[in-house]
Amino acid sequence: MSEPSYPDDLRYHPEHDWARIEGGEATLGITWYAQDSLGEVVFYDGPEIGSEVKKDEPYAEVESVKAVSDVIAPLSGEVIAVNESLADAPEAVNADPYETGWMVRIRLSDPSEADALMDSATYAGSLE
């Protein structure tokens with residue numbers, strides 16, 4: 001398991017999901033807090049490329065030794081990439097939730113949704 005961290009270059013959703021926004025696209029995943037709460041991730045079921053994700057709604061499932069949990073989209077858009085390596089190595093979500101453990105990349109349908117997300121300090125404060 002990685003050490004607790006909440007990178008400053010990400011935006012955070014209250015359901016413990018993150019977005020790395022780059023122009024009109026965003027990479028999405030779950031936070032260190034979420035993966036730590038889940039425990040060892042053993043399975044990831046992501047969406048299809050070309051499907052739409054909607055802010056505040058589930059877009060994938062993560063199964064851990066403790067439970068099956070929905071992954072909530074922090075932003076809306078069209079899925080343009082899925083982290084296929086998680087099929088064979090779902091533990092990457094635990095080891096490195098922000099880099100090798102990313103889940104999907106989307107083309108944003110409403111970039112202004114990002115204004116409602118938290119910065120790292122606000123998110124970390126919400127966990128206390």
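## Ground rules

Here, "buried" means under 20% relative accessible area, "exposed" means over 50%, and "partly exposed" is anything in between (1.4 Å probe, protein chains only). Pro97 sits in the loop between helix 3 and strand 9, with helices (H or I, at least four residues) and strands (E, at least two) taken as DSSP runs numbered from the N terminus. From Pro97 to Val62 there are 35 residues in sequence and 13 Å in space, C-alpha to C-alpha.

This is a predicted model, in which local features need pLDDT of at least 70 and side-chain atom pairs count only at pLDDT 80 or more, while totals for chains, interfaces and linings use all residues. Residues are numbered from 1 along each chain as its sequence is written, and side-chain values use heavy atoms, with hydrogens and water left out.

## The nonpolar cores

A nonpolar core is a set of buried Ala, Val, Leu, Ile, Met, Phe, Trp, Tyr and Cys residues joined through side-chain atoms within 4.5 Å. The largest one has 26 residues, and Tyr44, Tyr59, Leu75, Met103, Val104 and Ile106 have the most contacts inside it. Two or more residues each come from strand 3 (25-30), helix 1, strand 4 (41-45), strand 6 (58-64), strand 8 (77-82), helix 3 (92-95) and strand 9 (104-108). There is also a second, separate core of eight residues, with Tyr6, Tyr12, Tyr98 and Tyr123 among them.

Contact means heavy atoms within 4.5 Å. Skipping neighbours within four places in sequence, Met103 is in contact with residues including Leu28, Ile30, Tyr44, Tyr59, Val62, Val71, Leu86 and Val93.

## Tyrosine rings

A pair of aromatic rings is described by the distance of the centres and the angle of the planes. Rings of Phe, Tyr and Trp (its six-membered ring) pair if their centres lie within 6.5 Å; planes under 30 degrees apart are stacked, over 60 edge-to-face, and the rest tilted. The whole structure has four aromatic pairs. One of them is Tyr6 with Tyr123, an edge-to-face pair at 5.3 Å centre to centre with 65 degrees between the planes. Tyr6 lies in the segment before strand 1 (11-13) and Tyr123 in helix 4 (residues 120-126), so this pair ties together parts 117 residues apart in sequence. Tyr6 and Tyr123 are both buried.

Tyr123 also pairs with Tyr12: their ring centres are 4.9 Å apart and their planes at 10 degrees, so this pair is stacked. Tyr12, like Tyr123, is buried. Put together, ring pairs link Tyr6, Tyr12 and Tyr123 into a cluster.

## The largest pocket

On a 1 Å grid over the protein atoms alone, a pocket is an open set of points where a 1.4 Å probe fits, with protein on both sides within 12 Å along at least five of seven lines; lining residues have an atom within 4 Å of a point. The largest pocket holds about 170 Å³ of space, the volume being the space filled by probe spheres set on the points. Helix 1 (32-38) and strand 7 (68-72) are the elements that give two or more residues to its lining. Strand 7 provides the largest share, four residues.

The lining includes Glu15, His16, Asp17, Ile30 and Val62. By class, it has six nonpolar, three polar and three charged residues. For that count, Ala, Val, Leu, Ile, Met, Phe, Trp, Tyr, Cys and Pro are nonpolar, Asp, Glu, Lys and Arg are charged, and the others, Gly among them, are polar.

## Two positive phi angles

Most residues other than glycine have a negative phi. His16 has a positive one, near 75 degrees. His16 is in the loop between strand 1 and strand 2 (17-22) and is partly exposed, at 22% relative accessible area.

Asp56 also has a positive phi near 75 degrees. Asp56 lies in the loop between strand 5 (52-53) and strand 6, and is partly exposed at 47%.

## Ile49 and Ile80

Ile49, in the loop between strand 4 and strand 5, counts as exposed at 55% relative accessibility. Beyond its neighbours within four places in sequence, Ile49 is in contact with Val79, Ile80, Ala81 and Val82.

Ile80 belongs to strand 8 and is partly exposed, at 24%. Leaving out residues up to four places away in sequence, Ile80 touches Glu25, Ile49, Arg105, Ile106 and Arg107. Ile80 and Arg107 are 27 residues apart in sequence and 6.6 Å apart in space, C-alpha to C-alpha.
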